[in-house]
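Open the model in your viewer and get ready to select residues by number.

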Amino acid sequence: MAASRSTSSKLNHVHLNGRTLEGGGQLVRIAIGLSALTGRPVSIDHVRGNREGKKGLKRSHAAAVKLLAEISGSKVSGGEVGSQSLDFFPQSTRSKSGPLLDLSQVNVKSEYDIKLTTAGAIFLVFQALYPYLLHVGSQAAAPFVKVNITGGTNATHSPSYDYASQVIVPNFAKLGLPPLSIVLNKRGWTTGPVDLGAVTFLIHTLRSRQDPDGEDQLQESTEKESTAELLHSFPRINLMDHKRGKITQIDITVLAPDQPTLNAEGEEGTGSTVRQFIEQVTRRTLQREISKLDPSIFAKRSNSALSEGDSLSKLSAKNALVRITIHTSEATNHRSHVYILLVAHTSSGFRIGHDILGSMGGDCLSKSKSKRKQKQQPARDPRRDSQNEIAFSAAADQVRRCVDGFTREISKESPKVQPDQKPNSTVKRSCLDSYMRDQIVVFEALGEACNAGGHDTEITDTETLEDERDWTLHTRTAQWVCRQILDL
């Protein structure tokens with residue numbers, strides 16, 4: 001037994017103030033995830049205490065707490081919607097040789113079906129479960145753990161399916177985490193009419209990443225046993241070990257209605273739809289704004305890349321700093337279902353993204369008539385024209401805001417640099433956008449905890465450091481929670 005470990009400071013009950021820093025749901029998700037992973041009880045007071053309006057757990061937060069407790073066999077007090085105090089008590093014990101659970105005491109199913117009763121953010125629920133399943137999933141009978149979640153795939157203040165699949169998944173793989181596959185079964189939106197979606201996650205565990213042949217590789221020698229123990233460790237992640245790289249391509253994703261249309265010669269139905277309008281304006285705005293950036297952040301384009309047509313004119317393609325392509329373009333059915341995602345591919349293999357979820361405003365969108373009916377009704381409806389104008393103006397504003405955010409992410413210098421501030425050669429921007437930076441904090445901390453003492457972490461005077469001006473309040477909150485629970 002490890003009686004001495006159970007009384008050590010590392011296994012003491014952790015008490016967190018939910019109003020610390022960002023003070024929202026992220027604090028709760030990370031805290032319960034690390035609690036389940038380490039076997040260390042955690043209590044949170046003033047849950048979501050910094051939020052305007054109603055405090056306490058929302059439905060998606062309560063669902064994450066309930067599901068992780070069921071999967072990990074933990075006990076919960078105060079896990080209901082609206083609760084402002086939460087206690088999470090894991091029942092499994094920590095391994096003798098590391099900071100995480102003893103896998104021999106864990107039972108894991110090969111598949112989980114999770115159905116949210118509202119269009120709550122699927123990916124926020126997944127964030128709470130993912131680190132735990134990465135570690136314990138090797139005990140499942142299948143080579144990966146399958147998680148089906150019904151809820152919102154495009155939700156406010158959370159990763160969309162598109163951002164997760166195009167940015168988070170490839171970046172996780174690049175930083176050494178096991179392969180993660182995400183399958184979109186149906187879209188679901190938290191804005192507008194309630195519409196539930198469904199996503200399937202295929203989680204390849206830490207064991208499957210490093211030990212593809214399973215038990216056949218395990219030997220009884222001390223050296224092999226040591227290697228086998230490391231198979232269950234999170235990889236050490238240091239973002240400064242990775243180059244940001246140069247931008248080689250920019251992808252555009254547009255989800256928007258095909259109504260109304262932008263009239264081209266006074267005849268309804270002959271112009272661009274809202275979706276086509278967003279595609280065109282996004283291309284033009286991107287080309288204009290990236291031309292203002294330092295050209296050294298872009299890779300040189302080959303003649304073959306210039307000749308690959310993607311609906312840009314030959315002249316604009318020739319003058320463009322980087323190839324711009326439409327990755328996804330889908331029609332939606334409601335004015336509030338508008339989503340834009342911009343993703344930069346870099347020469348080092350990372351993805352830098354920025355997205356926006358919005359609405360075109362106004363009342364119900366007018367429907368275009370068939371050509372035959374148009375001829376019978378030549379008169380124009382001023383009210384309809386006004387509504388269409390509102391819709392296209394709102395769409396153009398969303399494009400501008402999305403492009404502005406994207407160019408801040410890909411620029412060479414942090415947007416927080418003062419105009420008269422001299423460049424600092426000892427700090428640099430990381431290879432991730434600011435939102436992705438939030439997502440990786442818990443894995444950085446787990447890698448450090450699992451590999452403590454394995455590397456020299458002493459900082460030299462000449463070592464390049466990450467530019468902390470890019471850290472959001474969410475990033476700093478995640479770092480704080482990890483320090484409290486992992487004793488880093």
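Select residues 59-72, which form helix 3, and residues 122-136, which form helix 4. This is a predicted model. The axes of helix 3 and helix 4 come within 8 Å and cross at roughly 20°. Angles under 35 degrees count as roughly parallel. Helix 3 and helix 4 are therefore roughly parallel to each other. Their crossing is right-handed.

Now show the side chains at the contact. On helix 3, pick Ser60, Ala64, Leu67, Leu68, Ile71 and Ser72. On helix 4, pick Val125, Ala128, Leu129, Tyr132 and Leu133. How many residues of this contact are nonpolar, polar or charged? Nine are nonpolar, two are polar and none is charged.

Next, select residues 338-346 for strand 13 and residues 351-358 for strand 14. These two strands run antiparallel, and eight bridges join them. Find Ile340 in strand 13. Opposite Ile340 stands Ile356 of strand 14. Then go to the turn. Strand 13 and strand 14 form a hairpin, with four residues between them. Click on Gly349 in that turn: its phi is positive, about 95°.

Last stop: colour the chain by pLDDT. The average is 82, and 78% of the residues score at least 70. Select residues 1-10, where pLDDT is below 50. This stretch has 14 contacts in the model beyond near neighbours in sequence. Then select residues 264-270, where pLDDT also stays under 50. Here the model has 15 contacts beyond four places in sequence.

How values were computed. Residues are numbered from 1 along each chain as its sequence is written. This is a predicted model: local features need pLDDT of at least 70, side-chain atom pairs count only at pLDDT 80 or more; totals for chains, interfaces and linings use all residues. Side-chain values use heavy atoms; hydrogens and water are left out. Two strands pair if DSSP finds at least two bridges between them. pLDDT is the predictor's confidence in each residue, from 0 to 100. Contact means heavy atoms within 4.5 Å. Axes are lines fitted to C-alpha atoms, for helices over the stretch in contact, and angles run from 0 to 180 degrees between N-to-C directions. Angles under 35 degrees count as roughly parallel, over 145 as roughly antiparallel, 65 to 115 as roughly perpendicular and the rest as oblique. A crossing is left-handed if the near helix is turned anticlockwise from the far one by less than a right angle, and right-handed if clockwise. Ala, Val, Leu, Ile, Met, Phe, Trp, Tyr, Cys and Pro count as nonpolar, Asp, Glu, Lys and Arg as charged, and the others, Gly among them, as polar.
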